[in-house]
Amino acid sequence: MEFWIMQTFYGLSYGSLLFMLSCGFTLIFGVMKFCNMAHASFYLLGGYVGITVLRWFGCTTVVFFLSILLSALTIAFLGVAIQRIFFRRLYGQDLAQVLMTLGFALIFQDLVLVLWGGDPYRVTIPQCLGGAFVLGDLHFPRYRMFMILAAAVVAAGLYLLLEKTNYGAKIRAAADDEEMAGGIGIKIPLISAGVFGLAAALAAIAGVIGGGFLSLYPGAGLIMIPLAVAVVIVGGLGSIKGAAVASLLLGLIDSFGKTFVPELAYFTMYAPMVIILAFRPTGLFGKA
Amino acid sequence: MKTERLLNFRVLGILFLLLITAPLYLPDYIVSLLSQALIFGILAMSLDILVGFTGLASLGHAAFLGVGAYTAAVLATAHAGGFWSCLLGGLLISAVVAALFGLIALRATGVYFLMITLALAMMVWGVAYRWYGLTKGDNGISGIPRPEFGLPWSLWIETNFFYFTLVIFILTFLVLYLLVRSPFGYTLVGIRESESRMQSMGYNTWLHKYAAYILAGAFGGLSGVLWAYYNGFVSPPNIELTTSVETLLMVILGGSGSLIGPFFGAFIVVFMKNYLSIYLGRWLMLLGTTYILTVLFLPRGVYGGLEDIMLKFGKSKPEPVAAKNKAVN
């Protein structure tokens with residue numbers, strides 16, 4: 001019984017990280033029809049910025065949350081800059097988008113190597129988030145609980161933004177029909193830049209939080225991006241709800257898969273995607 | 001009106017001449033890099049069938065290199081397989097994997113297809129990385145001997161292996177050239193241009209795309225077999241996302257849809273990776289910048305650029321009527 005509870009918990013916490021990584025990716029695709037393969041690079045850079053902030057100011061709880069905030073702002077700025085300068089021109093060209101964003105992913109990988117070196121680093125977790133929450137025989141690592149909480153906050157925040165604010169309504173309008181939205185006076189370039197910045201910020205937050213859990217190293221960007229791709233394929237490109245469901249699902253499958261069939265550990269991450277494609281090519285919640 | 005890509009025999013002839021005489025004046029290391037360029041050229045040409053001729057951009061083609069390479073590696077080391085059994089095994093298993101993947105991947109188009117092929121390739125990578133019993137995981141399979149034909153030329157000598165690879169490359173190119181100049185090939189181009197139109201004319205487009213996918217996979221597997229023999233060592237990084245992306249870059253950089261263009265792309269990427277990286281420290285940044293510059297400035301690739309130059313110099317042909325028609329269009 002304990003085994004099942006713990007494995008489910010591990011699966012949910014990993015799924016939470018996947019959600020924070022992928023929600024920005026699916027948001028960009030839904031609103032701008034842009035496939036940003038450099039998304040995991042924002043994750044990576046965000047994590048490293050967080051590490052640097054923690055190094056400068058010491059490892060207290062306040063600094064930890066400050067690092068999340070600063071990292072989100074920095075990477076959002078970077079994301080908006082790149083979007084305005086380079087990505088704007090590639091509207092509608094899938095292959096060009098993929099190649100260019102992958103080119104950026106490589107450049108960021110090398111940049112990280114130059115700035116921070118090749119050693120793997122972990123974000124230092126503040127004291128209050130370390131250790132475990134004991135419930136009878138079960139030890140629930142507090143940091144994993146924090147991850148689940150953080151993902152829930154992000155999901156709730158996105159929901160409120162998209163469904164309950166004016167800006168969110170404009171975003172949804174732009175996602176549904178960009179021409180008409182532009183026609184009634186919604187400033188599409190502003191919306192695009194804003195969404196891209198938001199997505200980059202979300203990835204950066206995922207990077208700092210994930211960095212306390214998984215190590216960060218230059219190659220992590222290109223390792224994480226196929227995971228984000230798997231989540232959005234299963235969930236449906238453009239659907240936040242889909243990303244949430246898919247990331248929890250894949251987190252659970254990964255956790256149980258690694259326990260029962262370790263030889264096929266990575267295979268089990270991508271197999272659900274194959275199953276989804278056999279029955280519903282646009283994903284669980286995707287639009288055709 | 002899109003200009004049809006005519007294969008320019010002058011370019012081919014010059015290329016052929018340069019390649020045949022290369023070992024005479026180039027050092028052994030460069031010759032072995034040329035062999036590598038030829039092997040990746042075969043992989044890139046097979047991807048061009050999908051990208052350039054059928055219009056299906058795949059981000060998972062390195063999976064077929066991996067399947068072919070691992071099949072040959074396992075057969076050569078664990079089962080003492082000779083060249084022909086490794087070759088046939090590699091081709092067969094790659095074709096089977098392509099047949100399976102094609103059933104899944106072809107349910108999508110465009111960006112979905114890109115992502116699905118990426119994820120399918122990651123599945124193959126995952127198997128290579130974790131199924132220790134079969135693939136020795138992260139350690140890779142080493143000690144793959146060069147093939148023995150009983151001929152007086154040992155393939156352990158780089159020059160001889162280069163000619164061996166060159167022969168296979170030329171044969172592959174001829175087969176693929178005949179393929180794309182056949183009715184089947186033209187149907188693929190029609191599907192690239194407008195699938196709905198081809199369907200309305202009665203073509204079974206899914207079957208054509210499926211056949212193209214299997215062919216691309218099989219020839220990708222061929223390049224994998226050659227890679228196993230060339231490198232003597234096969235490991236999971238051969239199937240990584242970066243390899244698939246480099247292959248796609250080779251096709252785009254060289255010129256998709258021209259069949260020989262991807263070889264130019266392969267040549268450039270292989271030499272950048274192995275030769276330039278010795279002199280320039282930050283070659284990953286250079287590679288990434290190449291991707292970006294290619295997308296921004298060279299959408300038709302190197303071969304497309306060459307074609308444009310040749311068109312300019314070939315203006316001596318008097319064709320005023322054709323020129324007028326072009327202006328009207």
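1. The radius of gyration of chain B is 20 Å, which agrees with the value near 20 Å that a compact globule of 329 residues would have. Taken along the principal axes, the C-alpha atoms of chain B fill a box of roughly 65 × 50 × 40 Å. The model under discussion is a predicted one.

2. In secondary structure, chain B holds 15 helices and two strands. Of the contacts in chain B with a separation of 6 or more, 77% are between residues 24 or more positions apart. Buried residues account for 48% of the 329 residues in this chain.

3. As to confidence, chain B has an average pLDDT of 84, and 92% of the residues score at least 70. The pLDDT is below 50 over residues 1–6 of chain B, a stretch with three contacts in the model beyond near neighbours in sequence. It is also below 50 over residues 316–329 of chain B, where one such contact is found. Where pLDDT is low, the predicted coordinates should not be read in detail. For the complex, the predictor gives an ipTM of 0.82 and a pTM of 0.86.

4. Attention may now turn to the interface. Contacts between the chains involve 37 residues of chain B and 32 residues of chain A. Three helices of chain B, namely H5 (110–130), H11 (241–254) and H13 (283–297), each supply at least two residues of the side that touches chain A. Which helix gives the most to this side of chain B? The answer is H5(B), with 15 residues. By type, the residues on the side of chain B that touches chain A comprise 29 nonpolar, five polar and three charged.

5. The largest nonpolar core has 206 residues, and those with the most contacts inside it are A:Met20, A:Ala230 and B:Ala119. H5(B) gives the most to this core, with 16 residues. Leaving aside residues up to four places away in sequence, B:Ala119 touches A:Pro226, A:Val229, A:Ala230, A:Ile233, A:Tyr270 and A:Met273. In soluble globular proteins, nonpolar side chains tend to be buried together.

6. Strand S1 (residues 132–135) and strand S2 (residues 138–141) of chain A run antiparallel and are joined by four bridges. A:Phe133 stands opposite A:Phe140 in S2(A), while A:Leu135 has A:Leu138 as its bridge partner in S2(A). Two residues lie between the strands of this hairpin, in which A:Gly136 takes a positive phi near 65°.

7. Why does B:Thr242 count as partly exposed? The reason is that B:Thr242 has 18 C-beta neighbours inside 10 Å, whereas a buried residue needs 20 or more and an exposed one has 12 or fewer. From C-alpha to C-alpha, B:Thr242 and B:Leu179 are 29 Å apart in space, and 63 residues separate the two in sequence.

Notes:
Residues are numbered from 1 along each chain as its sequence is written. Chains are lettered from A and ligands numbered from 1 in the order in which they are written. This is a predicted model: local features need pLDDT of at least 70, side-chain atom pairs count only at pLDDT 80 or more; totals for chains, interfaces and linings use all residues. Two residues are in contact if their C-beta atoms, placed from the backbone, lie within 7 Å. Ala, Val, Leu, Ile, Met, Phe, Trp, Tyr, Cys and Pro count as nonpolar, Asp, Glu, Lys and Arg as charged, and the others, Gly among them, as polar. pLDDT is the predictor's confidence in each residue, from 0 to 100. The radius of gyration is taken over C-alpha atoms; the globule rule is 2.2 Å times the number of residues to the power 0.38. A nonpolar core is a set of buried Ala, Val, Leu, Ile, Met, Phe, Trp, Tyr and Cys residues joined through C-beta atoms within 7 Å. Two strands pair if DSSP finds at least two bridges between them.
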